[in-house]
Amino acid sequence: MACFLASILIITLLAFIIGEILVNAWPAMSKFGLGFISGIQWSPNRGVFGVLPVLIGTAASSFLALLLALPLGLAIAIFLSEDFFPIPVRQVIRFVVETLAAIPSVVYGLWGIFVVIPLVQQYGAVLASKFGFIPFLSGPAYGNSLLTASLVLALMVLPTITAISRSSLVAVPYSLREGSYALGATRWETILRVIIPTAAPGIVASAILGFGRAMGETMAVAMLIGNSQRLSWSLLSPSNTLSALLANQFAEADGIQVSALMYAAGVLVMLTLGVNIAGEAVLRRTKKATAGLG
Amino acid sequence: MTSAASNLPRNFFSDSGKKTSVLRLFRNHFLTGLCIALSLLTLVPLFSIVFLVIQNGLPLLSENLFTQLPPAPGLDGGGFGNAIMGTLVMVGISLGFSVPLGILAAIFVNEYASGSWLASIVRFVAKLLTGIPSIICGVFAFAAVVMTTHKFSALAGGIALAILILPTILLTAEQALLGVPYAFREASFGVGATPFQTIWRIVLPEAMPAIMTGVMLAVARAAGETAPVLFTALFSQNWIKGIMEPTASLSVLIYNFASLPYAYHIKLAWSASLILVTLVTLSNILAQVIFAPKHH
């Protein structure tokens, strides 16, 4: 009986979380409507709330992080699933990647402030002066920028991407590999034409789930992105994300601002739930598909 | 899937026939090198983080850190005993909520209702909860606890952390129960035990080490999180007096002090990072070593 109640409680918990957020967001939802999503101004003093720049910042930082982390994560996943090195060496690399997952977000933020921000400031200025004609790299270059946040985010989603990609690579039946070798393919021809295409849905799922993690990641981003609601093309400008906005403003907010922040939290929940459900769905199909092979 | 396998020969012969074997071998070795280089590249940031946390965190490490309060802005000396206490108290509160709930639900899913639609819904919701950003747990606790009690408190922080770790505990406990061989249950039923007696006396004790692994992983997760406690427990310069007071935590201390312009506070943030990383790593190692599951 108690077990049954506990289960019901867990099912209702998710609904309760979403419900609680929506109830508190209602004043802002009825006041600003969809203009909240398309509005480009967020100024609590004047009671104007729009999250478009923050939404763009969320998407851009997560996408950029994924762009950096996916090749790296895939390379590590291949490294871990191939026999380039004896198992102990691979185990060390695996341990290192798992350690990356265990480091608290706020420690990444601290490290980012003292290591990544100076680096981005230094090389960002060079980039901006040489390639400033490209909108993405136009100056002035800031240390607290979209690029800084994305670099650290890439490190933080790397374990997710590596773990899921690796398990989908390992799930490719050995007979396919043998078949490919028998036809005279080299190791990398086998990897690129047989193993990766077979494991592709799992790799796509790892990217989707990694994207979901990046969107929800809060503290490191809040410490590094510069928290600016100004729209800019440049990766070297400060930006903001939904979660960083919540982290920075909740403690001091009151009145309609709390409600507006709840609205923003609601948007974040919907986005991450959507991305995660999509990722899980792809993953589930992958498992079914590879189960039929070999 | 089958398409990848069936159009394979065509791809192979169209290409490999034209290229000389030297070129193919060169490409093979080049890609191997690239893959190894990229893998080793990840070692660089990790070493950098670990090195800096140790290098900057060690100098202040003394018992003062554990017994004294944070200094006022601009002053030197002091520690963050209150933040360590606060972190431990809030992790404790979160375990108090989530461990019973998670294990009970896992028993329901695996023992009483395995295979039913209700069990699969519980599992699905737990999966979804793992994907919810940690800051949303904070937003929820803010709405449900802080706004109703009109107070930032350790309780609110603990509840936020409880929601964060609940799915971890549930899913690992379920795996643990699944690891208990079915013959154990049959033997127990065979000697006339009721389902309750079977679960309580046979299945749970057998699954306990693996369940504890999940709990320790949850402790590691909860101790390191900042976002859920940031605006639920807030922060405090003083020792914790009760669970209905604003409470300091190691992670929020790092966040607050990292952006201060005082050198000593930044050093304290690094020391707090060292202690936090040690705490998290210890819990993780404990999870894997001491409570290593038997049936793997």
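Axes are lines fitted to C-alpha atoms, for helices over the stretch in contact, and angles run from 0 to 180 degrees between N-to-C directions. The model is predicted, so that local features need pLDDT of at least 70 and side-chain atom pairs count only at pLDDT 80 or more, while totals for chains, interfaces and linings use all residues. Residues are numbered from 1 along each chain as its sequence is written, and chains are lettered from A and ligands numbered from 1 in the order in which they are written.

**View 1. Helices α8 and α9 of chain B pack against each other.** Helix α8 (residues 134-149) of chain B meets helix α9 (residues 154-178) of chain B at an angle of about 135°, and their axes lie 8 Å apart. Helices (H or I, at least four residues) and strands (E, at least two) are DSSP runs, numbered from the N terminus. The angle makes α8(B) oblique to α9(B); angles under 35 degrees count as roughly parallel, over 145 as roughly antiparallel, 65 to 115 as roughly perpendicular and the rest as oblique. Residues of α8(B) in the contact include B:F140 and B:V145, and those of α9(B) include B:I159 and B:L164. Two residues are in contact if their C-beta atoms, placed from the backbone, lie within 7 Å. By class, this contact has 11 nonpolar, two polar and no charged residues. Ala, Val, Leu, Ile, Met, Phe, Trp, Tyr, Cys and Pro count as nonpolar, Asp, Glu, Lys and Arg as charged, and the others, Gly among them, as polar.

**View 2. Helices α6 and α8 of chain A form another packed pair.** The axes of helix α6 (residues 146-170) of chain A and helix α8 (residues 187-216) of chain A are 8 Å apart, at an angle of about 150°. This makes α6(A) roughly antiparallel to α8(A). Among the residues of α6(A) that take part are A:L153 and A:I161, while α8(A) contributes A:G202 and A:R213, among others. The contact of α6(A) with α8(A) has 12 nonpolar, six polar and one charged residues.

**View 3. Chain A touches chain B.** The contact draws 70 residues from chain A and 72 residues from chain B. Helix α1 (residues 2-32) of chain A supplies the largest share of the chain A side, 13 residues. That side has 50 nonpolar, 16 polar and four charged residues.

**View 4. Chain A contains helices and strands.** There are 11 helices and two strands in chain A. Its C-alpha trace spans about 70 × 65 × 30 Å along its principal axes.
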